[in-house]
Amino acid sequence: MTLTAKQKNTYTLIAICVWIGLISIAHNFLAPYPLRIFNLSAIYIVLALSLNLINGFTGLFSLGHAGFMAVGAYTSALLTIPPAQKEMIFFLQPIVPQLANVQLPFVPALLISGLVAAFIGFLVGWPVLRLRDDYLAIATLGFSEIIRIVITNLQPITNGPLGLRGIPMYSTTYAVWGVAIVAIAFMVALINSSFGRCCRAIRDNEIAAQAMGINVAKVKATSFVIASFWAGIGGALLAHLQMAIDPMFFRFVLTYNVLLIVVLGGTGSITGSVIGALMVMIGMEWLRFLDGPLNLIFIQTTGAPGLRMVVFSVLLLACILFRQQGLMGNREFSWDAAANLCGKVRNFVKRGPA
């Protein structure tokens with residue numbers, strides 16, 4: 001079944017309205033902790049989309065996302081923390097005078113944090129993107145650690161290993177999900193543009209793409225800078241949700257969590273990144289009961305902290321072993337596919353199994 005453009009636009013508008021309604025219901029009726037997980041899912045959608053642009057659509061194996069998240073988080077925090085709070089935080093060494101009295105609204109600070117992360121991404125990508133495969137992954141991982149160490153030692157600017165406290169709580173439900181929806185719309189438009197087709201051509205065969213006249217170096221650098229921008233935005237949102245950050249928060253494990261979402265959802269799929277983020281964030285919390293005492297029929301435990309991570313890792317390992325392309329592979333949601341699926345279900349209900 002093929003739907004008309006008008007039908008697709010109507011369904012899209014209905015879906016957006018329904019999703020906005022669900023966000024409003026969650027904001028007003030969910031308890032604080034489930035609401036926090038719900039908001040974290042939105043932030044990880046932004047982060048997964050940014051990493052998927054590099055790894056999934058452009059075919060670059062990058063592991064430096066945590067560094068760009070740290071840049072965005074610290075930039076936004078320093079621009080929004082009130083001057084009086086800064087004076088209390090920087091008690092070992094005063095903050096530099098240029099930042100002491102600066103306080104910007106949330107939206108300008110968020111955009112600046114993304115732009116600063118994009119600039120750092122440009123500086124990092126210029127020498128690093130000459131490498132390929134595992135060498136690129138090691139180099140980006142090294143730069144991520146360098147960024148974290150630099151932040152640790154910039155005591156007059158970042159407060160060093162003590163980190164920043166008292167960050168304004170601007171990452172509300174409407175803010176994080178609004179940014180997530182904008183990020184999804186941006187990625188859909190980007191991937192469906194000529195630039196997105198160039199990214200996929202480089203991913204499939206870099207030599208053939210270069211032979212077809214694509215400026216491979218420029219496309220790679222642009223993709224890396226755009227992904228760094230959204231990583232900075234995601235890091236800023238995370239900082240305003242946590243309300244406290246320090247350099248140890250932005251270790252490699254943070255990149256691993258985002259990479260896990262991308263692999264689970266499907267590299268090269270925007271829909272997969274959204275589904276993967278929701279599954280990982282909600283699934284990890286749903287399995288939290290495993291950390292406490294269990295009273296099964298044949299097994300009783302007094303509590304095994306960390307058991308949920310073991311079970312969750314086994315489930316993910318099984319998914320990767322039996323479906324290596326991820327849940328969505330490189331496919332995307334479409335109204336035509338949804339209509340065909342509904343038609344098959346309707347026919348099955350009418351006729352029954354063969």
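This is a predicted model: local features need pLDDT of at least 70, side-chain atom pairs count only at pLDDT 80 or more; totals for chains, interfaces and linings use all residues.

Me: How many residues apart are the partners Phe38 and Trp177?
Reply: The structure holds 8 aromatic pairs, and Phe38 and Trp177 form one that is tilted, with 4.8 Å centre to centre and 35 degrees between the planes. This pair links distant parts of the chain, since Phe38 sits in helix α2 (residues 32-58) and Trp177 in helix α9 (residues 173-191), and the separation is 139 residues.

Me: Are Phe38 and Trp177 buried or exposed?
Reply: Buried means a relative accessible area under 20%. Phe38 has 16%, so it falls under that cut-off, and Trp177 has 3%, so it does too. Phe38 is therefore buried, and Trp177 is likewise buried.

Me: Why is the pair of Phe229 and Trp230 edge-to-face?
Reply: Planes over 60 degrees apart count as edge-to-face. The ring centres of Phe229 and Trp230 are 5.5 Å apart and their planes stand at 85 degrees, so the pair is edge-to-face.

Me: Which residue forms one aromatic cluster with Phe38 and Trp177?
Reply: The tilted pair of Phe38 and Trp177 has its ring centres 4.8 Å apart. The aromatic cluster that holds these two residues also includes Trp19.

Me: Where is the kink in α2 centred?
Reply: At 1.5 Å a residue, the 27 residues of α2 should span 39 Å, and because the end C-alpha atoms are 38 Å apart, the two values agree. The helix is mostly covered, with 23 of its 27 residues buried, and Gly59, whose phi is positive and near 80 degrees, follows it. The kink in α2, of about 45 degrees, is centred on Asn52.

Me: What covers the buried residues of α6?
Reply: Helix α6 (residues 106-128) has 23 residues that should span 33 Å at 1.5 Å a residue, and its end C-alpha atoms are 32 Å apart, which agrees. Among the residues buried in α6 are Phe106, Leu110, Gly114, Gly121 and Val128. What covers the buried residues of α6 includes α3 (65-80), α7, α9 and α12 (216-242).

Me: How far apart in space are Gln7 and Trp335, C-alpha to C-alpha?
Reply: Gln7 lies in helix α1 (residues 5-29), and at 33% relative accessibility it counts as partly exposed. Gln7 and Trp335 are 328 residues apart in sequence, while their C-alpha to C-alpha distance in space is 9.0 Å.

Me: In which loop is Asn159 found?
Reply: Asn159 has a phi near 70 degrees, a positive value in a residue other than glycine. Asn159 is buried, with a relative accessible area of 2%. The loop in which Asn159 is found is the one between α8 (155-158) and β1 (164-165).

Me: What relative accessibility does Met243 have?
Reply: Met243, found in the loop between α12 and β2 (244-245), has a positive phi of about 70 degrees although it is not a glycine. Met243 counts as partly exposed, because its relative accessibility is 37%.

Conventions. Residues are numbered from 1 along each chain as its sequence is written. Side-chain values use heavy atoms; hydrogens and water are left out. Rings of Phe, Tyr and Trp (its six-membered ring) pair if their centres lie within 6.5 Å; planes under 30 degrees apart count as stacked, over 60 as edge-to-face and the rest as tilted. Helices (H or I, at least four residues) and strands (E, at least two) are DSSP runs, numbered from the N terminus. Buried means under 20% relative accessible area, exposed over 50%, partly exposed in between (1.4 Å probe, protein chains only). The expected span of a helix is 1.5 Å times one less than its number of residues. The bend at a residue is the angle between axes fitted to the seven residues ending there and the seven starting there. Contact means heavy atoms within 4.5 Å.
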